[in-house]
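Hi,

Here is the structure I promised to pass on. My notes follow below it.

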Amino acid sequence: MKRVFSLGAIGALVMLAAAARLPQPQEPDGEAIYQKQCRKCHGATGTPSTRMTEMYPTLKPLSEMTGVSADSIITLLVNGGTEGMKTYKDKLTTEEMRAVAEYTLTLGKAQGS
């Protein structure tokens, strides 16, 4: 009986040790997502190119965004925007949208300083 208990305890410890070694899910990288999904229109640093602003006159540098929150950016990503901004609800997870929204806000602040 002791031997069965000992083997069971050892098995449980081995399983716990293996579970502890499993890779933990990583937080989405907002900058990488921005560079892949947003850069083409909004520019690498949050300033759209002249060509893009000629095509989409309401497209402004992120530094001109005032009173914008991560939640409002997420809403824009889910619903799409004006002048052809597509929705990202089928391309990005909620966590990825939050990460890119928070990164976008840092770009606006960096430009405004």
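**Surface, core and a salt bridge**

Lys36 is exposed, at 70% relative accessible area (exposed means over 50%, buried under 20%, partly exposed in between, with a 1.4 Å probe and protein chains only). Please keep in mind that this is a predicted model, where local features need pLDDT of at least 70, side-chain atom pairs count only at pLDDT 80 or more, and totals for chains, interfaces and linings use all residues. Residues are numbered from 1 along each chain as its sequence is written, and side-chain values use heavy atoms, leaving out hydrogens and water.

Lys36 sits in helix α2, residues 30-37 (helices are DSSP runs of H or I with at least four residues, numbered from the N terminus).

Now to the inside. The largest nonpolar core has 15 residues, and those touching the most other members are Tyr34, Leu77, Leu92, Met97, Val100, Ala101 and Leu107 (a core is a set of buried Ala, Val, Leu, Ile, Met, Phe, Trp, Tyr and Cys residues joined through side-chain atoms within 4.5 Å). Two or more residues come from each of α2, α5 (70-79) and α6 (94-112), and α6 gives the largest share, five residues.

There is one salt bridge in the structure (a side-chain nitrogen of Lys or Arg within 4 Å of a carboxyl oxygen of Asp or Glu). It pairs Asp71 with Arg98 at 2.6 Å, N to O. Because Asp71 lies in α5 and Arg98 in α6, the pair ties together parts 27 residues apart in sequence. Asp71 is partly exposed at 47% relative accessibility, and Arg98 is partly exposed at 32%.

Best wishes
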